[in-house]
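Subject: Structure handover

Hello,

Here is the structure for your files. My notes on it follow below.

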Amino acid sequence: TLCYDPWIAVYIVACAIFFIWLCVGGSWSAKGEMANGNCPDNIASLTKYSIYCGFAFAHVGVSALAISSVLSMCMEKGVKPSQIIGVYARAMSL
């Protein structure tokens, strides 16, 4: 399965380190530690954009994994993807 593959385990650990490093960067950015003369002037805004893009990337990746897991479980139970999308579309229109 997914969790017993060593390459997937390495990928999961790398993603966890990536997320932790994003949190550290966000903390440094929020505290203004990059604006204390240690970095060039424009690096603070570039770092904020990089952190925003990193969190967006992480969000899209986790969402894709969750959606594919749900679809996989439903397909194992005999539910067609078109039925799942129809239920989701009806729920969103409420």
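Which residue follows α1, and is its phi positive or negative? The residue is Gly32, and its phi is positive, near 75 degrees. Please keep in mind that this is a predicted model.

On the helix itself: α1 covers residues 6–31. At 1.5 Å a residue, its 26 residues should span 38 Å, and the end C-alpha atoms are 38 Å apart, so the two values agree.

Next, the packing. Helix α1 lies against helix α2 (residues 43–76) at an angle of about 145 degrees, and the axes are 10 Å apart. The crossing of the two is left-handed. On the α1 side the contact includes Phe18, Phe19, Leu22 and Gly25, and on the α2 side it includes Lys48, Ile51, Phe55 and Ala58. Sorted by class, this contact has eight nonpolar, four polar and one charged residues. Leu22, Gly25 and Ser29 are the buried residues of α1, and α2 is part of what covers them.

Then the aromatic rings. The whole structure holds three aromatic pairs. One of them is Phe19 with Phe55, an edge-to-face pair at 6.0 Å centre to centre with 85 degrees between the planes. This pair links distant parts of the chain, with Phe19 in α1 and Phe55 in α2, 36 residues apart. Phe19 is partly exposed at 41% relative accessible area, and Phe55 is also partly exposed, at 32%. Trp21 and Trp28 form a pair as well: the ring centres are 5.7 Å apart and the planes are at 80 degrees, so the pair is edge-to-face. Trp21 counts as exposed at 57% relative accessibility, whereas Trp28 is partly exposed at 37%.

Regards

Technical notes:
Residues numbered from 1 in each chain as written. Predicted model: local features only at pLDDT ≥ 70, side-chain atom pairs only at ≥ 80, totals over all residues. Heavy atoms only, no water. Axes fitted to C-alpha atoms, helices over the stretch in contact; angles between N-to-C directions. Helix = DSSP H or I, 4+ residues; strand = E, 2+ residues; numbered from the N terminus. Left-handed = near helix turned anticlockwise from the far one by under 90°. Contact = heavy atoms within 4.5 Å. Nonpolar A, V, L, I, M, F, W, Y, C, P; charged D, E, K, R; others polar. Expected span 1.5 Å × (residues − 1). Buried < 20%, exposed > 50% of the residue type's maximum accessible area, 1.4 Å probe, protein only. Phe/Tyr/Trp six-rings, centres within 6.5 Å; stacked < 30°, edge-to-face > 60°.
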